[in-house]
Amino acid sequence: MSIETTEPPAAGPHGEDGGHFLEPEVVDRGQRLGVWLFIGGDIIIVSALLFTYLYLRGVNTSGHWMSMLGYQGHSYAYYQNAANLPAPTLIHVKAMSAGFDWLITAVTVVTAGIIWQGERALRVTKNAKAFSSAAAFATIVTLVAIVLTVIQLRAIPEIFVATNDSQGMAYTAYDSAFMALVGSGLIHLVVLAFLGLGLTVRASRGLITGEKWYQARLIRMFWVWIAISSVVVAAVTTTINTIH
Amino acid sequence: MTTTLERNATAQIPKGGGLARRQNFGTAVVAGVVFAYLFWLIAHLTLDSTGRPFGDQVATFTGLGWLIGFWIGIGAFNGPFRWLLGRDHSHADDMYYAGQNMGKARYWKFTTDHKVVGVQYIVVTMVLFGVGGILAMAIRTNLIAPGNHFVNQQVYNSFIAIHGMVMILAMIVAVAGPWGNFVMPIMIGARDMAFPRLNALSLWTLVAAIGLLVTTLAVGGLPVGWVVMDPISNQAGIGMDFFALTIIAFTVSTTVAGVNTITTMMTMRTKGMTLERMPIFTWGVFMAAALGLYAFPYFLVAESFQILDRTSFTSFFVSTGGGTGWLQANLFWLMGHPEVYVILLPAVGALFEIAAVMSRKPVFSYRTAVGSMAGLAGLSALVWAHHMFTSGWAPTLGGPFMLTTEIISIPTGLFFLVLIGTLWRGHIWMKLPTIWLFGFMANFIIAGITGIYLSDIPLDDQLHGTMFVTAHFHYVFVGSVLFGAIAALAFWYPKVTGRYLNEYLGRISFWFVFVGVQVTFLAMFVSGLRGMPRRYASYSIIFEHTNFASTIGAYTIMIGMIILGVALVTSWNKGEPSGPNPWQANSLEWMVPTPPPLENFEVQPVITEDPYNFDKEMVRR
Ligand SMILES: [Cu+2]
């Protein structure tokens, strides 16, 4: 391999190139590809969760997609202390509230919209203070989405099951798969809250400005993907749930 | 070209680093243990201890505590929280993290220099092979005679699973870990990986995961096989919770590494380093990284479900609640088959590189070489159900999956032809890397052809679950990947240490391992053809002779590996000096001093042609 040599490029901005004096475009391109690849990995996870949901509904093992042998209507402690449990009955669970599902999704989409608008305004108006406020607002709305998601998770109904070797509160296949989707949504929202807080702080400290906006754009890309995944999950879980 | 073996003793350690100045492997272990205890305590104080999953809940909390504590202790969270607070790294901070002038201490820290990470991976790989090898010897000792009870049967079952998982981890990192980190960035003319801190994160997360995996042995074992099928995994003891957490941590590690590798290769190439001028090894690493990024999330999802089923009474894999073990089997093998190619492709890339350099010829049909690796990676995502032919799942899909599996022999044949074409009429230099390369080629023929037998459904019905399968994939992993990994080690060892891996010991080791592999696994094929089931602690007298042979063969492999280990350790400081370019190769890693300086290049190289234009008259020692 024949090799010529050139002078090293001028020093890049500190903290963004691992101290390697990379050209800013190289750093930017790398970070953008990195975010796309992380989104790609996340798409596999969300797809696997959706596959699980649809597959378990499809096989409907023993007709138990939305039903289970057990007891319902009292607390865990009640059944535990009950002297003689009667024979378990087949409990049917209902589909989770579609309205609540879409409410969480709507709030998530709103947060993505705020960030997107904020980032666009930052590039046009170069107003970092306004962007910091937008990021703070998006973070607060994300916290609302987190609270709503926790409420949603807590609303998933449990059934008390007791067999020869075990007893406890159990979830049907439908509720399990639903919980996995909502739970992954919760993890996503917590990540967004972290990123939103970081954008707020960094913009207010002058690390994100009208000239240095690319980090805001990278986070906006991830944010929009989360909003899209939230819409897809809500669409699937609200339209395909019961078995006729 | 100068060779610098000693660092400048008077150079100063950079002033930056902040909290990282106090963090190293020791603080990581201490923090891991403290957090594990704290999480254990919190679980005991807050959770209801009467339900059945209490033990699993406590185990999961404890394992999570270890992981979080280890991350905090090693310094993995420093970067994200400094980002959050807007206190970005200064240049001095970056240089501290890169381990500038830090000597041996940097090998015990969250060091970002890709060459340090590469060496750390060498050590991790050796540790994994050591642990997995000891378990293998225990297993083979138990099987030396029918009815032998070297270990009790529950322990034996755990050894089978832990041996499997430890060796899978070892194989995944054996080539891509050390050389994907140490030489790949230099090969493409980069000063480091695209995301140096993520590089350190991936290495130390793997270390934390290994801690969790070894813990399974201390808390009742994992008597379910490394494929952790259901319902048996759902019924296993708390070792299963630690196993599931191991997989979750490991997926974080591989995902981060995969993103980093791909980004580095796509954006960090130096001027003139077009995609077709990249040394062929880098393509092997690239394909494996991309495939790993696709495949491992399935395993993360499967094991997250496993934890939920065991701790929270969900019904993913539990049929009484509407779940099914087939879901686990599908998710597992969606990962499990591509994973074989995540393991194989970096070794194949390294062998292409070695074949070209050691025969002084260009890689035969470079595009076919890249295409065959891409074909293997792509097809491997479409064959997973061949592991489930006898499980009863979707019998109508048997035909299509048999077809896709057999089509894989086309890119496999192509890469083999590329190897032969590269060596053909070359001026072959028979040194250690070349010897292990030829060993690979002999063994891979057997590995590949027995794989075609197993992809054939009527034959698979007979052979599934027998020692034939075990022998097949040991020809893949031991006979092929391990040989490739050792060839790569012998090839790039001089770049790390400035010294040759001892040629004499290396050759002795080769013959022990090569003969050992044939004795162990050819005999194992016979055991399998006669109907001996895999994973059994004891067996009928009719399998006596072949098992005895397998055990003797395994000991032979062990002797060879110990000799190789001795060579590896003794050559590090006392081996014959090699100079910066012992194989007279043309790719960039050989153009820089040995060991390469912190930023690899004094001046940025510009590439004008591919690295395989060898001067045939070049003098050889
Ligand atoms: Cu397979």
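Here is a short chat about aromatic pairs, charges over rings and a copper site in this predicted model.

User: Why is the pair A:Tyr71 and A:Tyr79 called tilted?

Analyst: The ring planes sit at 40 degrees to each other, with the centres 5.5 Å apart.

User: What makes B:Trp283 and B:Phe286 edge-to-face?

Analyst: Their planes are 75 degrees apart, and over 60 counts as edge-to-face. The centres are 5.4 Å apart, which is within the 6.5 Å limit. The two belong to helix H12 of chain B, three residues apart, so about one helical turn separates them.

User: How do you know that A:Arg123 sits over the ring of A:Trp213?

Analyst: The charged end of A:Arg123 is 5.0 Å from the ring centre, and the distance cut-off is within 6 Å. B:Lys431 does likewise over the face of B:Tyr500, at 5.8 Å from the ring centre.

User: What makes B:His337, B:His386 and B:His387 donors of the copper ion?

Analyst: Their donor atoms, ND1 of B:His337 and NE2 of B:His386 and B:His387, lie 1.8 to 2.0 Å from the copper ion, and the cut-off here is within 2.8 Å. B:His337 is in helix H13 and B:His386 is in the loop between helix H14 and helix H15, 49 residues apart.

User: Why does B:His386 count as buried?

Analyst: Its relative accessibility is 12%, and buried means under 20%, so it qualifies. B:His337, at 8%, counts as buried too.

Terms used. Residues are numbered from 1 along each chain as its sequence is written. Chains are lettered from A and ligands numbered from 1 in the order in which they are written. This is a predicted model: local features need pLDDT of at least 70, side-chain atom pairs count only at pLDDT 80 or more; totals for chains, interfaces and linings use all residues. Side-chain values use heavy atoms; hydrogens and water are left out. Rings of Phe, Tyr and Trp (its six-membered ring) pair if their centres lie within 6.5 Å; planes under 30 degrees apart count as stacked, over 60 as edge-to-face and the rest as tilted. Helices (H or I, at least four residues) and strands (E, at least two) are DSSP runs, numbered from the N terminus. A charge sits over a ring if NZ of Lys or CZ of Arg is within 6 Å of the ring centre and within 35 degrees of the ring normal. Donors are N, O and S atoms within 2.8 Å of the metal (3.2 Å for Na, K and Ca); water is not among the atoms, so sites may look incomplete. Buried means under 20% relative accessible area, exposed over 50%, partly exposed in between (1.4 Å probe, protein chains only).
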